[in-house]
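This report describes one structure for a reader who has not seen it before. It takes helix packing, then the sheet, then the surroundings of the ligand.

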Amino acid sequence: MLKHPAFFALLIQIAALLITVCFVVGQTAVELSLFEWSMAQGILAGTISYLLRMPAWWTPMHVFFVPLIIFTLAQDIAPIWFLLLFLGLLLTYGKSFKTQVPLYLSSEKANQVLATLLPKNRQFSFIDLGSGCGGLLSNLSAKKRNGLFYGIESAPIPFLISKIRSLFNPGCTISWGDFWQQDFSQYDVVYAYLSPVPMMSLWQKAKKEMRPGSLLISNTFMIPGVAPDKAIKLDDFSGSTLYLWKI
Ligand SMILES: C[S@@+](CC[C@H](N)C(=O)[O-])C[C@H]1O[C@@H](n2cnc3c(N)ncnc32)[C@H](O)[C@@H]1O
């Protein structure tokens, strides 16, 4: 818990807030509005985050966190919208506090290239670890009728969307759960689009469970210290790469 980046980020926010409050009450020379002080707090928090070498995406989050709260509270918005937004975010991203794998979707280009990597004439099984809203599986199963496509997702809202989608797609089976509890030996192709955090553990599990000849594909994230058998650069918005390991 203490080593979790979110906890560290909270400490930075509190430190920047305390320094700003001490500055505000300890002097009379500078007079700013509440929003301007919140911007000063944000810039201070962003600077601390940068100096402490938190990953780059934390800097803008720190800068705008408190100013956005002040700005939003100043609007005349009914509290029910905050509750609904909070529940929506909780049911979509709540578990990423623990898994450190948030929801973002494979690009159209990744869908296209993956379809070319799958067997052409024989039956095969494919699993998407953390299948999000199920778009990748729907696309692939429409293109590859010789495949059985499985998805497992732990976030309730993406799971519900993908489950509804799969009702119209007989080649797809979606389940709600934790892919770490899944036995990888049942699949010819295991696809993962996760984050840097679980990649080493994923490799240990894949080595232990996947059948010889089966294929592990990771979108964007490398397994540290394990050279892939093939890397395919995708011409998509994030310039991502598909990494392939033949077991
Ligand atoms: C980056 S998204 C990828 C979505 C989809 N596979 C795609 O390529 O479009 C990763 C997903 O994995 C899910 N996830 C993370 N850890 C998980 C776990 N242990 N078990 C099941 N799903 C998980 C997250 O909720 C998120 O929806």
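## Helices α4 and α8

At what angle do the axes of helix α4 and α8 cross, and within what distance do they come? In this predicted model, the axes of α4 (residues 79–93) and α8 cross at roughly 75° and come within 5 Å. An angle from 65 to 115 degrees counts as roughly perpendicular, and α4 and α8 are therefore roughly perpendicular to each other.

On the α4 side the contact involves Gly88, Leu91 and Thr92, and on the α8 side Pro156, Ile157 and Pro158. Sorted by class, this contact of α4 with α8 has four nonpolar and two polar residues, and no charged ones.

## Helices α2 and α3

Helix α2 covers residues 34–51 and helix α3 covers residues 58–74. Their axes cross at roughly 160° and come within 7 Å. Angles over 145 degrees count as roughly antiparallel, so α2 and α3 are roughly antiparallel to each other. The crossing of α2 past α3 is right-handed.

From α2, the residues that make the contact include Leu34, Phe35, Met39, Ile43 and Tyr50. From α3, they include Trp58, His62, Phe64, Phe65, Pro67 and Phe71. Glycine also takes part, with Gly42 and Gly46 of α2 among the contact residues. By class, the contact of α2 with α3 has 14 nonpolar and seven polar residues, with no charged residue.

## Helices α1 and α3

Helix α3 also packs against helix α1 (residues 5–26), at an angle of about 40° and with the axes 11 Å apart. That angle makes α1 oblique to α3. Here too a right-handed crossing is found, as α1 passes α3.

Ala9, Ile12 and Gln13 of α1 make this contact with Trp58, His62 and Phe65 of α3. The contact of α1 with α3 has four nonpolar residues, two polar residues and no charged residues. Trp58, His62 and Phe65 are also listed among the α3 residues in the contact with α2.

## The sheet

What is the order of the strands in the open sheet? The seven strands are arranged as β3-β2-β1-β4-β5-β7-β6, and their pairing is mixed. β3 (172–176) and β6 (230–233) are the edge strands, each pairing on one side only. From one strand to the next, the twist averages 20°.

Strand β1 (residues 124–129) and strand β4 (residues 189–192) run parallel and are joined by four bridges. Asp128 has Tyr191 in β4 as its bridge partner. Helix α8 (residues 156–167) lies across β2 (147–153) and β3, and runs at about 155° to β3.

## Around the ligand

How many residues surround the ligand, and which are the closest? There are 23 residues around the ligand, and the closest are Val101, Ser106, Gly130, Gly132 and Ser154. The elements that contribute two or more residues to this shell are α7 (135–143) and β2.

By class, the shell consists of twelve nonpolar, seven polar and four charged residues.

Technical notes
Residues numbered from 1 in each chain as written. Predicted model: local features only at pLDDT ≥ 70, side-chain atom pairs only at ≥ 80, totals over all residues. Pairing = 2+ DSSP bridges. Axes fitted to C-alpha atoms, helices over the stretch in contact; angles between N-to-C directions. Contact = placed C-beta atoms within 7 Å. Parallel < 35°, antiparallel > 145°, perpendicular 65-115°, else oblique. Left-handed = near helix turned anticlockwise from the far one by under 90°. Nonpolar A, V, L, I, M, F, W, Y, C, P; charged D, E, K, R; others polar. Near = placed C-beta within 6 Å.
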